[in-house]
Amino acid sequence: MSMTSIRARLIVVLVVLCGFLAVAGAPSASAATPSDSLWFDGTSLTVQNGRLVDGQGREVVLRGYNVSGETKLAENNGLPFASVADAKKSAIALRALGGGNAVRFLLSWAYAEPVQGQVSTTYLAAVTAQMQAFLDAGIRVFPDFHQDLYSRYLFNSGSWYTGDGAPAWAVALGGYPAESCGICLFWGQNITQNAAVQKGQYDFWHDNYGLQDAFLATAQTTMTYLAQHLTTDEFAGVVGFDPYNEPYAGTYDSGETSRTWEQNRLWPFYQKFRARMDAAGWTAKPALVEPNLFWNANIDAQKQPGGLLDAGTLGSRYVFNTHFYDQKAISGILMWGNASDGQYSADFGTVRDRASAAGTTALVSEFGHPLSGTTAGKAPTVDKAMYQALDSRLPGSSWWTTPASSGPVLSGTQWQWDIYNGRHHELMNGNASKVLTSGDAWNDEDLSAVRTDDSGTVTLRQDARLLDRVYPGATAGTTLAFTYEDRSRDGSTTLTWNPVPSSLPNVAALVGSGQYAVQVWRSSGSTAPTELHLPASFPTASTTVVSDLGTAYAPPAYSSSTPVGVAAEPGGTGSRRLLLGDADSGVLHFALVTNGATAPSATLLTAARSELAAWVAAKF
């Protein structure tokens, strides 16, 4: 969607003006419910029966981005943005261009507690104000105390690498050796090869020098501050908290394994963090807990047993939260060529199975691929395959024949959404002679889906068809199958991995060469409608819906008496959603939405509906 439309331009101008007039870092005294909200919007999310659900009992899927790697840098003092105005600008673009309804919002322990035992309310106030920009745009938020390589303060001014996370005082307590990774081709090798990083991680997990206790105290103070300084409506938009990014032991004790470390070190830490959430007023919100970083590595030499296997039933108090990167593809050696249909079906299927066995829902809070460097050419197919695997555990080649095996739709936040990409001014490890400006300005990474152009407009760096997707944001029941053929492009080649089969000729004729999504769900009796995000590539005037609830070309505006309708998404960003109303329970429903048809005849719509109804009856 182009931000050059008149409405979008007015929104951006107003937001920037309001941002400049606001007091920097000060949360607003009050905030209204996001504009364009309907009666069923804005409720808190909880985990019930292994699903994320809203206050209307609808099954919720979160899609969005990490905001952002900027938090790792010193240039904006551990904040995702230089100002509230920038945060608002980013939030509007994320909704309008990226189609997101959620963000993983990065925080820095180093800046939250710069002096041992003293939490910076200045930092927390700035965090709160920037977070409000997303909440007020109708975007749900889950904070994450982020770390990589334990701390930037392990690295000297001449180091090849840097880190983020622990404060300088925490590093000083450890008296760690001079950092050195030896012969390392990728920054991540520091995790297991750099003695200083290993020792720092080890000390944290053993609570040496009281490090873990200090972190937990800061986390509780942070959560208490947010609960007290966000309005009731805003706090309802906070999903939960991600306690610790990509945990790893550092080194294992004698006789200890990755699995026993999870059981005896990591899980007790999460239980302590959960107690801190309760004490801070977050009792109703889940902890979004990550297993051992290497539990699902796709390189056998890196993979370690894990996945919180010995934590028992996680239930409603926790979400199984993991990351996935194709390290084979990133290596440039272990995977030749591009990703293809179903490339990550098994990997993401493992995530689904692990969450199900733990009695909770799953979240993939990081995924993506570098957008520059020697393997950047793989990004269009790698990212398409990852989104495909979030949507369904099936490859496109078998989705139409065995849709009942599609599995739950996964929530996910892509790494990352950094409006400063390519425009940084980061003094690496404080070295004024090593000013980083390109990419993400952190260890040669470049994964941001966006940048800001010379006119100050946020623009996409990846195909809009890939990023701005149809997905079932809220389902009045249980999704049994979902697929989205985005027709995204790899250069000039359109990638079609899930064509409509010839056995459904009228559906195929209706879709043509357009994008399409299909959802099948069983209703639950909720009076709120099922909703699917409509990308900018699905303008209402050229969107076709075929459902057992009704058919429509250019669907009308939503009303309680309209079974198929379109409405704005909350937040006033111009983004839209398709709303499908039913008032029954236990009934099988289906919907196809496509932008491929031009004024289809009533005969074609009826024939396509009949084909889909017969297909659903046969397959479910």
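This is a predicted model: local features need pLDDT of at least 70, side-chain atom pairs count only at pLDDT 80 or more; totals for chains, interfaces and linings use all residues.
## Overall build

The chain contains 17 helices and 25 strands. Its radius of gyration is 24 Å, close to the 25 Å that the globule rule gives for 620 residues, so the chain is as compact as a globular protein of that length. Along the principal axes, the C-alpha atoms fill a box of roughly 75 × 55 × 45 Å.

Of the 620 residues, 61% count as buried. The accessible surface of the chain is about 21700 Å², and carbon and sulfur atoms make up 54% of that surface. Among contacts with a separation of 6 or more, 75% are between residues 24 or more positions apart.

In soluble globular proteins, nonpolar side chains tend to be buried together. In this model, the largest nonpolar core has 111 residues, and F134 and W417 have the most contacts inside it. Helix α4, residues 121-135, gives the most to this core, with 9 residues. A second, separate core has 22 residues, including L510, Y516, V546 and A608.

## Helix α7

The buried residues are A196, V197, Q198, G200, Q201, D203, F204 and W205. Buried here means under 20% relative accessible area. The cover over these residues includes the helices α3 (109-112), α5 (168-174), α6 (190-193), α8 (211-229) and α10 (258-279).

At the start of α7, a side-chain oxygen of N194 comes to within 3.1 Å of the backbone nitrogen of A196. After α7 comes D207, which has a positive phi, near 55 degrees.

## Strand β9

Strand β9 is joined to strand β8, residues 318-324, by 5 bridges, and the two run parallel. In this pairing, A362 of β9 is the bridge partner of F320. Strand β9 is also joined to strand β10, residues 411-414, by 2 bridges, again in parallel. Here S411 of β10 is the bridge partner of L363.

Key
Residues are numbered from 1 along each chain as its sequence is written. Side-chain values use heavy atoms; hydrogens and water are left out. A nonpolar core is a set of buried Ala, Val, Leu, Ile, Met, Phe, Trp, Tyr and Cys residues joined through side-chain atoms within 4.5 Å. Buried means under 20% relative accessible area, exposed over 50%, partly exposed in between (1.4 Å probe, protein chains only). Helices (H or I, at least four residues) and strands (E, at least two) are DSSP runs, numbered from the N terminus. Contact means heavy atoms within 4.5 Å. A polar contact is a pair of N or O atoms within 3.5 Å; within protein, one must be able to donate a hydrogen and the other to accept it, and residues adjacent in sequence count only if both atoms are side-chain atoms. Two strands pair if DSSP finds at least two bridges between them. The radius of gyration is taken over C-alpha atoms; the globule rule is 2.2 Å times the number of residues to the power 0.38. Accessible areas come from the Shrake-Rupley method with a 1.4 Å probe; for residues, only the protein chains shown count as cover.
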